[in-house]
Each structure stands twice: as C-alpha cells, then as structure tokens.
Amino acid sequence: MGEKQAMIRVTDLVKKYDDFTAVKGISFDVYEGEIFGLLGPNGAGKTTTLEIIETLRTKTSGAVHVNGFAVDEDAHAIKQIIGVQLQAAGYYPNLNLVELLELFSGLYGVRVKPMDMLAKVNLQEKAKAKYKALSGGQKQRFSIATTLINSPKIIFLDEPTTGLDPQARRNLWQLIGEIRDSGTTVVLTTHYMDEAEQLCDRVAFVERGEIIALDTPDQLIDNLLQAGFERKKEVKRANLEDVFIHLTGQEWREG
Amino acid sequence: MQKAYSNTTATLALAKASFRSILRSPSAVIFTLAFPLIFILVFGFLSNGGIRVKVGIVPGSHLANPVMKGLKEIDVIRLITDKSAAELEQSLKKGHIDALVGVHKNAVPGPAYRADVKYTSASADKGNIFRSLLTNLMYKLNMQNAKPSLAELREQTIKGRVYRTIDFILPGQLGFSLLSTGVFGTAFVFFSLRQNLVIKRFFATPVRRSSIVLGEGIARIGFALLGALFIILVGHFFFHFTLVHGAVTVINMLILSFLGVLVFMGFGFVVSGLARSESTIPPISNIITLPQFLLAGTFFSIEAFPEWLQPLSRILPLTYLNDAMRLVAFEGAGLWDVKIQILILLAWGVAIYALAVKTFKWE
C-alpha cells in the first residue's frame, strides 16, 4: 500500500468553553480515501471536533490541517474542498429540492445539474418536493447530495443514520460506501457499533474529550479478544436485524 | 485548479432563493399586498361619493317643468320618485331622506308653478344644503328674462386637483406595507434561518456573511418595491390616486420606498437578535409596528391627534416616510423638497443599524 496520505491531520487539539474543556488535546490523522469513524457517547466531543475541522468553530489550541490547509489560516480554501452534513440542519424554507440544490451550487460557485445530484442519491422522483415533506432516510440522502455539489475531497457526516429504520440505514451505508469508492474521504460520527464495524475503515473512540482507542474495527476486536474477553452468549451466525431485513425485504424503501 | 470563487454568484443565488421563498410565504404576501389593498379598497369606496342629498318627490307631482328639470341636473341631489306619500313622510321623519318636494301647476293667477318643500330636523345640515341649492335654482329660473336691478353675479370655477381620500390613504398604506415587510419579514427569516441551522450550513460553504445579508436584503427590498409599485398602480388606475408628474412621481415614490424598507429592515434585524423563540417575534415586532401604524399618520392626519400626542408622532420614522410620500405624490414635490424627511429617516437608519450590529446573532 505504501505511505498513506493524511487528508486531515489533527495535532493536540484543545477546545475550551468558558469553564468546560470539551476537547482535551487530541491527535489523529484521516487518510485519503478512507471512511473514518468518530465513536463515543453524547457529549464526548465528537461534534465539536468535527466542527473545528469543518471551520465552523474556532479551536483553543493545537493544529488542524485539511489537505495541507490550516483551519485558522485557510478556512476559505478548506470550505471549497469539503462537504458538510450537520446534525439536524434544516434547509431554506419554501423551496423544493431542485431549488435548494441550485442555491447550494451558487453558494459553492459551481455549475451542477440538480437532477444529476438527485440521481446520485436516488431522489429523482422527489425533485419538486419540499425538504420538510421527505422521510427521515430521504432527508439524510438529500443532505448527502448537498455535500457532494462541489465534488469535495472530504465529506463530513454527523450521525447520518440516527433515527432511520434498518432498510434506510443499509442503503445509506451502501451510498456512503460508493462515495468512498469514488475517491472521496469520509469522516462520520455514529452511535451504532454495527454501523462502524460494517462501514468504517478505521475508527477512533472519543471519551470525555480524549481519544482512548484508534484502529481498524477488526484490530480493535482482536485486541479485546486477545485480552481474554468472551461474550457471555454463544454468538449465532445471524442476529435479530438479519431476521428483520430477511422478513421485511431489502428493497429501497422510503423509511 | 478551480476557477476563482465568486461572491456575486453566491449573493445572487441567495437572493433568488430568498425571493422564491418570500413569494411562497403566505404571511409576506398578506402583509405586503393583501392588507394594504383591502384598506385602500375599503377607504376608496367609502368616501369617493362626496355629499349626497336625498330628496323625495311627492307622488302626483307635476314632473315636466323647469323646476324638476333643474333639480335633476344638480349632481348632489338624488331624487326619489318610487315611494308612496306615507313612506316618504316616514323616511323624512327618520332622516333617511333630507327633504320632500312637491311641484304643482298653479291654479290661481301668479307664477306658473308652485313648489312645496318640507325639511326635517332629523337631517338639518343636508336640508340646509338643499335649501340653498333650491333657492339658487329658483333665483335662476325666476330671473331668466329679467335684468338684475342691483348687481350681476358672474361665477367661475377654476380647474384644480381633486384631493381624494385615496390620496391620503394610499401613501399611508404603502408605508404600512413597507414597515411590515421590513420588520416582520426580516425578523422571521433571520430567526428561523438561525434556529434551523440553515445559516450554519451556509457557513460550511465558502459564502461570506456579507453575501448572506446582502442576498436576503436584495430579495426583500425587491419584493417590497414590487409590492409598492403594484399598490401605486392599483391605486392610480382603479381609484384615481393622484400622481402629479406621472412616471417621475412613481420613481420618486419607489426611491422613498427603498429608503423606508431599508430602515425598517434594521428594526427586523434587531428583533431577530432579541427574540428568544419564534413566538416572541410577533409581540416584539408589534411593539415597533403598531404605534407607527396608529400614530404615524397612516389613517388619520397627525393634526387630528391631541396636542400631547403629536410630539410622539413626530418621533416615529414612518411619520416622515408617509409625509414625504404624500408631498411627492400629491404636491408634486421632488426628492430634494423632502430632504428633511429623508434626513430624519436616514438618521433613524444609522441609529437602528448601529443597534442591529450589537444585537444581531448569527448562531
């Protein structure tokens, strides 16, 4: 494989709010072309870290470089090569999906055909629909479409599958996988370990503003097993979600 | 490498999106167009008639005579001929009609006709108007073939501009429309964009903050000016709103509208910054708009207010916008003639934007 190229380099990043330190000097690299997962409980500092890399928040100390640009010096250059999906973000009111995509292409200063973007996330039939009228899964797919407008090098997805049903989650995984395969680096946060295991090339566990583990999912599991861990129950070769998917079908459903 | 990022493209994309959104927002359309037009309609129809005197004709009256012909020719008088004597008596008592006239051929020697007139104390003022109209008519009829013995009367009416209610109401409604678009519209949009993290998502794109404000401003001002133009044209073509210098007057009014909505948007920015939830926007906005709506000469002239209230009226920015609008539209004043009003408006603008910069929140 050779030397991996660091797309994002975070070094001793600290973020303090008044009397609370949300991020306590974390360091990690995200490699080009991988799906990198930030895992951890609510309030661990995942979103804060993400938003500092996205140039939406200022850092207290440390250094963050995105594709070689420093966040505090070249924010404008960084914004042009990243795509951001925020947790629970809304869109401009009273506009349909095509009009929203036109707006974003104006904001990014690129020319794209809105229908092409919708095709990427399989929402062509919803072209004239308002964002509010979409289902949870469709909303997330649309949000991802807006992150792809500027053909970014990196996209950030903050809890993209929270609140979705199993089918919608699985087809979002497929979509995210395709985006990675097309050469885009993906950084995401999630609460679902099965999701991280399936989707992420490497994951970092964040706890109280610190990274407590960082490796491939496989390696982290092996480490635990080597330490002598054993599941209490014999693991079957399928789980309840497999049963659910098997029974309800795996087709693209608007969940 | 990509081509250079264009702030203009981003600003225009935002302006376009915002304009589309405004057109589809019911409240914007209602406040900017529907309300002012309804008020204009109501006041336009209410008072276009002027004075009318209703005069009942006693059944059996002789109709083909110079007196009747003369009465018919007077615009102010409406003759009622289709009622019975008893009905007419009743109407006269209640003041539904203002006088009762009966004309008969004279049987005894003397003048050819005799006119009997009955007035009512229920409508004394209109009765008096009829009395003088009738006296005037009789004088003319009787003097037809005689030379005046003392003095000859020569009357002349010069052609002047008619000052209709619409000429007062329309500028006021225009001001109200600009005020509500500026304050409510701006406050709601920026609050909801902030609350729903729309602005935060914008910040993740290369767009500048100034482009966001400018784009929104272009859309809102554009919408307000289109609304103003629409109101002026409806007023002019359907209600004879006076535009002394035609298109030039319209352009001057639109320039004033631009200044007005610009200042009022400043209030909107302040409100969006002060509001803690969506439901606090209407009350705060109303504190700003309602007193101006009532006190700034929108419906009634400020001179009609009690002395102690007038200084308050003379503080409000809408007062000066309304004032300038009326001077421009009806008196044919140029913008330079209303420089005082414009200056006071601008002073308000400077003050309110200074406050907006302090209170406005992006997130």
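# A guided tour of chains A and B

Begin where the two chains meet: 23 residues of chain A are in contact with 25 residues of chain B, two residues being in contact if their C-beta atoms, placed from the backbone, lie within 7 Å. This is a predicted model, in which local features need pLDDT of at least 70, side-chain atom pairs count only at pLDDT 80 or more, and totals for chains, interfaces and linings use all residues. Residues are numbered from 1 along each chain as its sequence is written, while chains are lettered from A and ligands numbered from 1 in the order in which they are written.

**The side of chain A that touches chain B**

Select helix 2 (75–81) and helix 3 (97–108) of chain A, each of which supplies at least two residues of the side that touches chain B. Helices (H or I, at least four residues) and strands (E, at least two) are DSSP runs, numbered from the N terminus. Helix 3 of chain A gives the largest share of this side, seven residues. Sorted by class, the side of chain A comprises 13 nonpolar, six polar and four charged residues. Here Ala, Val, Leu, Ile, Met, Phe, Trp, Tyr, Cys and Pro count as nonpolar, Asp, Glu, Lys and Arg as charged, and the others, Gly among them, as polar.

Next select V112(A), in the loop between helix 3 and helix 4 (114–120) of chain A. Is V112(A) buried or exposed, or partly exposed? V112(A) counts as partly exposed because it has 17 C-beta neighbours inside 10 Å. A residue is buried if 20 or more other C-beta atoms lie within 10 Å of its own, exposed if 12 or fewer, and partly exposed in between, with C-beta atoms placed from the backbone. Leaving aside neighbours within four places in sequence, V112(A) is in contact with S105(A), M117(A) and I149(A). E102(A) is 10 residues from V112(A) in sequence and 8.0 Å from it in space, C-alpha to C-alpha.

**The open sheet of chain A**

Four strands of chain A form an open sheet in the order 2-1-4-5, with antiparallel pairing. Strand 2 (20–31) and strand 5 (69–70) of chain A stand at the edges with a single partner strand each, so one side of each has no neighbour in the sheet. Two strands pair if DSSP finds at least two bridges between them. Strand 1 (residues 6–17) and strand 4 (residues 61–66) of chain A run antiparallel and are joined by five bridges; V14(A) stands opposite S61(A) in strand 4.

Turn to strand 3 (residues 35–39) of chain A, where five of its five residues are buried. I35(A), G37(A) and L39(A) point one way from the strand, and F36(A) and L38(A) the other way. Strand 3 of chain A pairs in the parallel sense with strand 8 (residues 185–190) over five bridges and with strand 9 (residues 202–207) over four bridges. The bridge partner of I35(A) in strand 8 is V186(A), and F36(A) stands opposite R202(A) in strand 9.

V186(A) is among the residues with the most contacts inside the largest nonpolar core, which has 132 residues. A nonpolar core is a set of buried Ala, Val, Leu, Ile, Met, Phe, Trp, Tyr and Cys residues joined through C-beta atoms within 7 Å. Helix 6 (residues 165–195) of chain B gives the most to this core, with 16 residues.

**Helix 9 of chain A**

Helix 9 (residues 240–248) of chain A lies largely in the open, because zero of its nine residues are buried. Just after helix 9, G249(A) takes a positive phi of about 90°.

**Chain B**

Finally, colour chain B by domain: domain 1 (9–45 + 164–359) and domain 2 (53–158), with bounds from an automatic or database domain assignment. The centres of these domains of chain B, taken over C-alpha atoms, are 52 Å apart.

Four strands of chain B form an open sheet in the order 2-1-3-4, with mixed pairing. Its edge strands are strand 2 (77–80) and strand 4 (113–119) of chain B. Strand 1 (residues 53–57) and strand 3 (residues 99–105) of chain B pair in the parallel sense over three bridges, and V55(B) stands opposite A99(B).
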